[in-house]
Amino acid sequence: MRVIHVITRLIVGGAQENTIASVLGLREKPDLQVKLVAGPTRGREGSLEPTVTAYPGLLTILPRLVRPVHPWNDVLALRDLVTLFRAEAPHVVHTHSGKAGVLGRLAAARAGVPAIVHTIHGPSFGAFQGAAANLLFRSAEKYAARVTTQFVVVADAMRAQYLAAGIGCPEQYTKVLSGFDLAPFLSASNDPQLRLNLGLAPDDFVIGKIARLFKLKGHDDLLTVAPELVRACPQTKLLLVGDGPWRNRFETRARALGLSNHVVFAGLVAPAEVPKLVGIMDALAHLSLREGLPRALPQALAARRPVVAYDVDGAREVCIEGETGFLLRPGDLAGLRERLLRLAKDGGLRERLGTAGQQFVQSRFGVQQMVDDLHQLYVRLNPSPS
């Protein structure tokens, strides 16, 4: 069975890591031939392209498949995708992300691909953006849904949101959790040398955050409560993992708040280095206003680190209030400050939540489970590929 995955760009991010892990895992299935198509990767978010270029013939870059809406480029990208699909004759086209999700599905339909699958990693419409953008993206999703054989969702919240918007029907949705290699997180340790290298003391209470340095990710909220956290617990340090267009803004704000000695910008790191950084955290804060099911949450829990998250999209499906962490209404700064201080002052609470979280994640988020679930879906959609 021939399968082609399509994604807009291969920056360092959860949807991209999920897609690459799926493609590499599915390549090991003897009945599958798998390829990946992506647009060019640019910007400060980093690139995961080297992960797949190590496999000759696996990755095809389409220069016109770019993230911003650009009518001329979009028409040419659609044409290029149709041409590619007709030449390769895949049994399944599996799309990811907004632009590639719409163009890839429409191109697959024009090329006569038997099964068209789209993964919803996160919502393309919602309260995080204005009415005009919501109308545009909701309309595009409804249009593309007409040619979609099956949707894959990483959280029940995504299915509920899309069905409520009139996109598809319940039978079109399959939940496949965004799996990852659990082993490095299960064995993550509080490495004193790594702490020292980052300017963190052994007795510092380290609040980690793993996200692009950009809007909607919640860094501003964490910086807002940080001065009071530091006054109540002087050992508080923020460890911000990631890079992005707003890094200078956040560095400037940290200095203005007098937090220069309490905020560490770890910068962009390779996914393989993330478990080591999670290991030196005492808790993880995930305050995004737009996310499907953020991988940072199960990754932190796999390392027995409790989490504090805003109740957005699929976060509540992993951050279970009082069991694996604390779930807050978006923008609840008083609650955020109070929960983080509770964790700072109560090591036993951190241990209890972290242990429960690790047990919860261990049985659900293995990468092989994700790959097997996708394989079973393809076989169901194409029982006898020719």
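Modeller: In this predicted model, the charged end of arginine 364 sits over the ring of phenylalanine 360, at 4.0 Å from the ring's centre.

Biologist: Over which ring does the charged end of arginine 249 sit?

Modeller: Arginine 249 places its charged end over the ring of tryptophan 246, and the distance to the centre of that ring is 4.1 Å.

Biologist: How many aromatic pairs does the structure hold?

Modeller: There are 5 aromatic pairs in the structure. One of them joins phenylalanine 214 to tryptophan 246, with 5.6 Å from centre to centre and 70 degrees between the planes; it is called edge-to-face because planes over 60 degrees apart count that way. This pair links distant parts of the chain, 32 residues apart: phenylalanine 214 lies in the loop between strand E8 (205-210) and helix H9 (219-232), whereas tryptophan 246 lies in the loop between strand E9 (236-241) and helix H10 (247-256).

Biologist: With which other ring does tryptophan 246 form an aromatic pair?

Modeller: Tryptophan 246 also pairs edge-to-face with phenylalanine 250, where the centres are 6.0 Å apart and the planes make an angle of 65 degrees.

Biologist: Are these residues buried or exposed?

Modeller: Buried means under 20% relative accessible area, so phenylalanine 250, at 1%, counts as buried. Phenylalanine 214 has 22% relative accessibility and is partly exposed, and tryptophan 246, with 23%, is also partly exposed.

Biologist: Which residues do ring pairs link into a cluster?

Modeller: Phe180, Phe185 and Phe365 are linked into a cluster by ring pairs.

Notes:
Residues numbered from 1 in each chain as written. Predicted model: local features only at pLDDT ≥ 70, side-chain atom pairs only at ≥ 80, totals over all residues. Heavy atoms only, no water. Phe/Tyr/Trp six-rings, centres within 6.5 Å; stacked < 30°, edge-to-face > 60°. Helix = DSSP H or I, 4+ residues; strand = E, 2+ residues; numbered from the N terminus. Buried < 20%, exposed > 50% of the residue type's maximum accessible area, 1.4 Å probe, protein only. Lys NZ or Arg CZ within 6 Å of the ring centre and 35° of its normal.
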